[in-house]
Amino acid sequence: MALNEQDISAALQQQVALAYADKTPLNICAGNTKAFYGRTATGNVLDVSGHVGIVSYEPTELVLTARAGTPLSDIESALAAHGQMLAFEPPHWGASATIGGTIACNLSGPRRVYTGSARDFLLGCHMINGKGELLHFGGEVMKNVAGYDAARLMAGAMGTLGVLLDVSLKVLPMPQHKLTLLRSGLSAADALTLMNRLAGQSLPLSASAWIDGNLYLRFSGAASTIASVQHSQQGEVLENDEDIWTAIRELQHPFFASKQPLWRVAMPQVAAQPDVAGDWLIEWGGAQRWLRSDAAAGDIRAQVSALGGHATLFHGGDRAGAMFQPLTAGIWQLHQRLKQAFDPAGILNPGRMYENL
Amino acid sequence: MISKAELVTQLLALLPRDCVLFETEDLSPYECDGLSAYRQLPWVTVLPNTVEQVQAVMRLCHQYQLPVVARGAGTGLSGGALPHPNGVLLSLAKLKSILSIDPLGRTARVQPGVRNLAISQAVAAHGLYYAPDPSSQIACTIGGNVAENSGGVHCLKYGLTIHNILQVKLVTVTGELLIIGSEAFDSAGYDLLALVTGSEGMLGIIVEVTVRLLPVPEQAQVVLAAFSDVEKAAAAVGNIIAAGIIPAGLEMMDKLAINAAEDYAHAGYPRDAEAILLCELDGMHADVIDQIARVQIILSQAGATEVRLAADEQSRALLWKGRKSAFPAVGRLSPDYYCMDGTIPRRHLPLVLRRIAELSQQYGLAVANVFHAGDGNLHPLILYDANKPGELERVEAFGGKILEFCVEVGGSITGEHGVGMEKINQMCVQFDALELTQFHAIKHAFDPQGLLNPGKAVPTLHRCAEFGAMHVHHGKAPFPELERF
């Protein structure tokens, strides 16, 4: 409990400033649960795990601010005590997962397409840029359009633009009741159509997933609402239903156990399945599809991008190569210029996201 | 430096005759946006018909290093579309087609000049709508909504523009066409969509937007509650949210606003109340019935002197009519009014309203308060007469003080109207020199020569030093690198 509350921002700022002066690359770490994600990390470890604590939490304002090294589980317990939650249902991928890593990777779980992503719930942050300057963007209010939205730019930038010190997040009440229905014998195409048809109705859909011909649909809301869903919707009621959602979110479902390379394929929800040989697990109404396949990276990316999506090599394969979908020339140039704007010496997680970034 | 005549000749080689305006009488409709206190005739106005024409205009302006100010419907309230005297005003008004609608995928691809409300109207047959609803939604266009990251009365539940779009097409300062975001729910690399949304025309020209659509809720109901003091009303808002209820809309009005709206709309508001709350719940029928009952109990327990449920759709529409006409209603109370747009953590509302009342006394100017109570966005309406010498300057000083107090209690100088020209000095209060320098570095990444909407949204450090805003950040005096004058 001793480390529940600790502010090491001054020390972190000093380390970044020194690294900037020496042009020493830094590898930003905290809980190390996402060490496998992206390209292989290089550089001296900048350990953020000692920067911990919930700085403020106002349940009636629906806003929580926590230091980047705060364990995700601490935040979730504090929220649960007031009947609230992180509505983007972030994956943990290990007990030591922190809020800083979650936001830096912009990781969201089953509820994402129905309530929003980590980025959507990010209201503001304190951060250190690559020159060792302490900056504050956004704030603790829902609406704030002063200046460029540099806070949300940090979500998913994987620490390449700044070291997150603390983040302010919008939180939401936990739904009182939920229900997962299972419908069997559906093809991927049928499941995609059905998930999207239901999402276009006034229904409290809060998660959807398809695997091996089984479609799982979760609904959340008041008791009377759930009763009316059970009455109007087909499907077998799944007992202990949170198990399936946790297993998918934490990549612990048997689907993920294979040794084949694992790809995360982001797609327009209603896009057809890419013509790639392999096994698929579809979630988020079709917006996030997991693929286990030995197919060549170039083939997978070409197929996926022709359908409006992009593919990330998640597990397995060459971590010195391209993990994320290559960018078009104009977009790549903006990435390089933004990197220059935030981290002119190129010391923050260099090469973690893309080579030469 | 190119002459105006030469510029017009070159533009006419790129665009049809009726798409280039250069005579004073043709230019005057473009001299201001919704903030009419600031006026400036542009050198030239162009109204391209196609994305290719937008690109050609940008290439030409880049070649001659001419400033470009983008403009949608011109409904903005912060002077963001105020023209540059030696620049091109680029109107996107003619790009107004809905390019495609995907009812199953619940998206629509639209050009920037499509009106906000027109999107919802076009998709209504599919049982869908576009959620962000700024009060100007009948006139304002989606391109401007993206540029300002517009909100509306339903933000607490449904978010801002950034939460409801997937992709934009952006023409850069050099005329290149970029796809930002994707039709998937995320894209590889940095979140450029978040950066571009709300960037006030400083980073590029938005020429296409893919919006997300939501199913029309099965039911919506509204409750009105009257309070004998503002503090009780503010506490009631917190109690509703603490009970796990997220209203679709949660609006507060003070006495002056209530009476102005009642005179104008005859909505049946209680004139003797110090504050009223309008609380709307939407969603599935069963959910709404359940929550509306709980909300009524919470409001009564919070000391409401009256709690009234709109019995039918007609009375619901009437209750909203009062709120939605609050601005023009207040406008009838005096020759002019000035609409402010700060946000605050909601718990500080009583404090901020007390401070506004003190300032109102001090400046001798009346204020009506309209408040998006759910998300902390305050719209004080300051009454004045622009024909009285010095009164506009007094209003601006008063408004500036309100915004600075919003920052002091942990809020922001703008919730949804943008910085534009209007709040550029207050940016020096909300951000320190390092943060402003970082903003300029972002701008430089997109627009190294500073040709897009110059002088707006982010002040130079020199401007801040002249303004003299003393933002003491982390105990350090601001702008130590600049001499004072």
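A residue counts as buried when 20 or more other C-beta atoms lie within 10 Å of its own. By that criterion, 54% of the 357 residues in chain A are buried in this predicted model. The secondary structure of chain A comprises 11 helices and 17 strands. Its C-alpha atoms occupy a box of roughly 65 × 50 × 35 Å along the principal axes. The radius of gyration of chain A is 21 Å, which agrees with the value near 21 Å for a compact globule of 357 residues. Among contacts in chain A with a separation of 6 or more, 68% join residues 24 or more positions apart.

The chain A helix H2 covers residues 72–80. Its buried residues are A:Leu72, A:Ile75 and A:Leu79. Viewed down the axis of H2(A), these residues fall within an arc of 65°, so they line one face of the helix. An α-helix has 3.6 residues a turn, so residues three or four places apart point the same way. On the other side of H2(A), A:Ser77 and A:Ala80 are exposed.

Strand E4 of chain A is itself enclosed. Five of the five residues of E4(A) are buried, so the strand is largely enclosed by the rest of the structure. In a regular strand the side chains alternate between the two faces of the sheet. A:Val63, A:Thr65 and A:Arg67 point one way from E4(A), while A:Leu64 and A:Ala66 point the other way. All of these residues are buried.

E4(A) has pairing partners in E3(A) and in strand E8 (residues 163–170) of chain A. The pairing with E3(A) is antiparallel and has four bridges. Within it, A:Ser56 has A:Thr65 of E4(A) as its bridge partner. E3(A) and E4(A) form a hairpin, with four residues between them. In the turn, A:Leu62 has a positive phi of about 60°. E4(A) and E8(A) are also antiparallel, with five bridges. There, A:Leu64 stands opposite A:Leu169 in E8(A).

In chain B, five strands form an open sheet in the order E5-E6-E10-E8-E9, with antiparallel pairing. Its edge strands are E5 (98–102) and E9 (177–181) of chain B, each pairing on one side only. The twist averages 15° from one strand to the next. Strand E8 (residues 165–171) and strand E10 (residues 205–212) of chain B pair over six bridges. B:Val168 has B:Val209 in E10(B) as its bridge partner. Helix H3 (residues 51–63) of chain B lies across E8, E9 and E10 of chain B. H3(B) runs at about 145° to E10(B).

The loop between E8 and E9 of chain B holds B:Val173. B:Val173 has 20 C-beta neighbours inside 10 Å and therefore counts as buried. Leaving out residues up to four places away in sequence, B:Val173 touches B:Met58, B:His62, B:Phe446, B:Asp447, B:Leu451 and B:Leu452. B:Val173 and B:Phe446 are 273 residues apart along the chain, yet their C-alpha atoms are separated by 7.6 Å.

Another open sheet of chain B has four strands in the order E1-E2-E4-E3, and its pairing is mixed. The edge strands are E1 (20–21) and E3 (68–71) of chain B, each pairing on one side only. E3(B) runs parallel to strand E4 (residues 88–91) of chain B, and four bridges join them. B:Arg71 stands opposite B:Ser91 in E4(B). Helix H1 (residues 4–14) of chain B packs on this sheet, touching E1 and strand E2 (44–46) of chain B. The direction of H1(B) makes about 10° with that of E2(B). H3(B) packs on the sheet as well, touching E2, E3 and E4 of chain B. Its direction makes about 165° with that of E4(B).

The contact between the chains takes 68 residues from chain A and 78 residues from chain B. Several elements of chain A give two or more residues to the side that touches chain B, including helix H7 (188–199), helix H8 (223–232) and helix H11 (329–342). H11(A) gives the most, with seven residues. The residues on this side of chain A divide into 31 nonpolar, 26 polar and 11 charged.

Technical notes. Residues numbered from 1 in each chain as written. Chains lettered and ligands numbered in written order. Predicted model: local features only at pLDDT ≥ 70, side-chain atom pairs only at ≥ 80, totals over all residues. Contact = placed C-beta atoms within 7 Å. Nonpolar A, V, L, I, M, F, W, Y, C, P; charged D, E, K, R; others polar. Rg over C-alpha atoms; globule rule 2.2 N^0.38 Å. Buried ≥ 20, exposed ≤ 12 C-beta atoms within 10 Å, placed from the backbone. Pairing = 2+ DSSP bridges. Axes fitted to C-alpha atoms, helices over the stretch in contact; angles between N-to-C directions. Arc of directions from axis to C-beta.
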